[in-house]
Amino acid sequence: MTPRSFPADFVWGTATAAYQVEGATTADGRTPSIWDTFCARPGAIADGGSGQVACDQYHRYLDDIALMAELGVKAYRFSIAWPRIQPTADGTLNQAGLDHYSRLTDALLAHGIAPVATLYHWDLPQYLEDAGGWPARDTAARFGDYAAVVAGALGDRIDTWTTLNEPWCSAYLGYADGEHAPGRRDHPAALAAAHHLNLAHGLGVQAIRAQAGGTARTSITLNLQVLRPATDSAADQRAVAQLERIGNDIWLGPLLDGRYDERLFSDTAHVSDWSFLRDGDLAQIHQPLSLLGINYYSSSTVRQRAGAVPPTWPEAHSRPWRGAWPGCETVEFLPPTGPLTAMGWNQDPSGLTELLLSVHRRWPELELMVTENGSAFDDQVADDGSIHDRERVAYLAAHIEALGQAMAAGAPVRGYFAWSLIDNFEWACGYTKRFGLFGVDFQTQARIWKDSARWYQALVRTGQTPAADPAD
Ligand code: GCO
C-alpha cells in the first residue's frame with residue numbers, strides 16, 4: 001500500500017470508556033450502574049466477567065497516560081462515569097468522583113494530550129433505571145443536570161465534549177433485544193429511549209455551552225450503519241432504506257435537521273404511536289454541533305425477507321419482541337462474508353470511506369471525527385512476551401487508508417481515535433474479545449505493546465502510514 005500522508009494538525013488519538021477500563025466500581029462513593037447490575041445476571045456476560053476490576057485504570061491512569069505519551073497520541077477519548085458524579089437519586093454531587101476526572105484531565109494536559117470527554121458511555125446510574133431508565137422522559141432532564149455539573153467543573157480544561165456514545169446501542173441493545181444493560185426486550189420502550197436519548201443530547205449540549213462557554217466544542221458519537229442490499233431488487237433497496245431510517249436517521253434527522261423523517265412513524269406504527277414526542281422537543285434536540293463523532297467497524301448486507309408481511313397494531317404487541325431493530329420484522333441480515341474479526345464482523349474499509357463521504361455530502365459544513373475504529377483478534381503472546389498482531393495491523397492500515405481516501409475526496413475529518421488503547425471489558429463478551437493496541441495481562445495488570453501499537457506510534461509520529469508489517 002502506498003504510504004499516505006495526513007495533515008500535521010490531524011488529531012491522532014486512542015479511546016476507552018469508563019466501565020470498560022476503570023474498575024474500582026465501589027471506590028470514592030461510586031454506586032452501581034446498569035452494567036454492574038446486568039453483569040450480575042447469570043448468563044448475561046460470555047465469561048461471567050464484569051467491570052469490577054477491568055484494567056484498574058481508576059488507579060493506574062498515570063501509567064496509561066505515560067503509555068499514550070510514548071505512543072505519541074495527541075488526544076485521549078475517555079468517558080466520565082455518571083454514577084461517580086451523582087451516585088444518589090437526589091443528584092447530590094460526589095466531589096471525590098469529580099476529583100478523579102479532574103486529576104485525569106490535569107495529567108493528560110501535563111503530557112500534552114487533549115482530553116476528549118464522553119459524558120455517557122452506557123453506565124446509567126441504577127437508581128435512574130429503577131425510575132424508568134431511558135424510556136422515561138425525566139432521565140433526559142437528569143442528564144442535562146449531570147452535564148451541567150461536569151462541564152461546570154471541567155469546562156476550563158476540557159474543550160471537546162461528547163454527550164452520548166452510540167445511542168443506537170443504548171436504546172436498541174439495551175431495551176429492544178436486551179443484549180446489553182439493562183437487558184430489556186420492549187420495542188415500544190426502545191423507541192421512547194431513542195427519543196429521550198436525543199432529548200438528553202440536546203439538553204446536554206445546552207448545559208455544556210452554558211457552563212463551559214460558547215467556545216466549548218460539542219459533539220455526539222454515532223455508530224452509523226453501513227448497509228448494503230443483498231441484490232439490486234427494489235425490495236432489498238427498501239430494506240436498506242428502512243434500516244437507515246431506524247438506525248441512522250433517527251439520530252441524524254433531529255440532531256442535524258431538527259426533524260424526524262415522517263416515514264419513521266409509519267415504519268414503526270405497529271410498535272408505537274410516538275406519543276412520547278412532545279411539542280418543542282425537536283427544538284431542544286437541534287442544537288449547534290461543533291463536530292460529529294463516527295464509530296465504524298464493519299458493514300452489513302441486508303434483504304427483504306421473502307413473503308414476509310409486517311405485523312399490525314395491536315397484534316405486534318401480543319408476541320415477544322425480537323431483535324434490535326424496532327419495526328423491521330421483514331428485514332434480515334445476511335451472514336458476513338470474507339475475512340472476519342474475532343467479533344464475527346466483516347472487514348470492509350470501503351464502508352468507512354463511503355460513510356464519511358455520505359455524511360459530508362448531506363451536511364457539507366459539519367466537521368467529522370472517527371471516534372472509534374479498531375478490531376478484535378485472538379492475540380497470541382510469544383515466548384518473548386511480544387504480541388505480533390499482524391491482522392490488527394492490516395485492519396488498521398486498510399482503514400486508515402480508507403480514511404485518507406475520504407479526506408482526499410473532501411470529507412472534513414479532523415481526527416481518528418483507535419479503539420482501543422488497551423484490551424478491556426468488551427460488554428456482553430466480557431474479556432474474551434481484545435481490541436487494545438496494548439495487551440493487558442489481567443492477572444498482573446501489565447500492559448503489553450502489540451505490533452499494532454508500534455505501527456500506530458510510527459503513524460502518529462510521522463503523519464504517514466508505515467508499511468503494514470511493523471517488521472518491514
Ligand atoms: C462501541 C463501544 C465500545 C466497544 C467497541 C467494540 O462502539 O460499541 O463504543 O465500547 O467496546 O465498539 O465493540
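The structure holds three cavities of 30 Å³ or more, a cavity being, on a 1 Å grid over the protein atoms alone, a set of points where a 1.4 Å probe fits but cannot get out. This is a predicted model, in which local features need pLDDT of at least 70 and side-chain atom pairs count only at pLDDT 80 or more, whereas totals for chains, interfaces and linings use all residues. Residues are numbered from 1 along each chain as its sequence is written, and side-chain values use heavy atoms, with hydrogens and water left out.

**Largest cavity**
- The largest cavity has a volume of about 50 Å³, a volume being the space filled by probe spheres set on grid points that are joined across faces, edges and corners.
- Its lining (residues with an atom within 4 Å of a point) comprises 13 residues, of which Glu22, Gln57, Phe78, Ser79 and Leu104 lie nearest the centre.
- Two or more lining residues come from each of helix H1 (18–21), helix H3 (57–71), strand E2 (75–79) and helix H5 (95–110), where helices (H or I, at least four residues) and strands (E, at least two) are DSSP runs numbered from the N terminus.

**Second largest pocket**
- About 310 Å³ of space lies in the second largest pocket, a pocket being an open set of points with protein on both sides within 12 Å along at least five of seven lines.
- This pocket is lined by 15 residues, and Gln225, Glu244, Asn248, Leu355 and Ser358 are the closest to its centre.
- Helix H13 gives the most to the lining of the second largest pocket, with six residues, while strand E6 (227–229) and helix H10 (234–257) each supply at least two.

**Packing of H13 and H14**
- Helix H13 (residues 349–362) and helix H14 (residues 390–408) pack at an angle of about 30°, with their axes 8 Å apart; axes are lines fitted to C-alpha atoms, for helices over the stretch in contact, and angles run from 0 to 180 degrees between N-to-C directions.
- H13 and H14 are therefore roughly parallel to each other, the term applying to angles under 35 degrees.
- Pro349, Leu352, Thr353, Leu356 and Leu357 in H13 meet Ala398, His399, Ala402, Leu403, Gln405 and Ala406 in H14, with contact meaning heavy atoms within 4.5 Å.

**Backbone features**
- The peptide bond from alanine 181 to proline 182 is cis, with omega near 5°, and proline 182 is placed in the loop between helix H8 (167–175) and helix H9 (187–212).
- The bond from tryptophan 313 to proline 314 is also cis, with omega near -10°.

Conventions
Angles under 35 degrees count as roughly parallel, over 145 as roughly antiparallel, 65 to 115 as roughly perpendicular and the rest as oblique.
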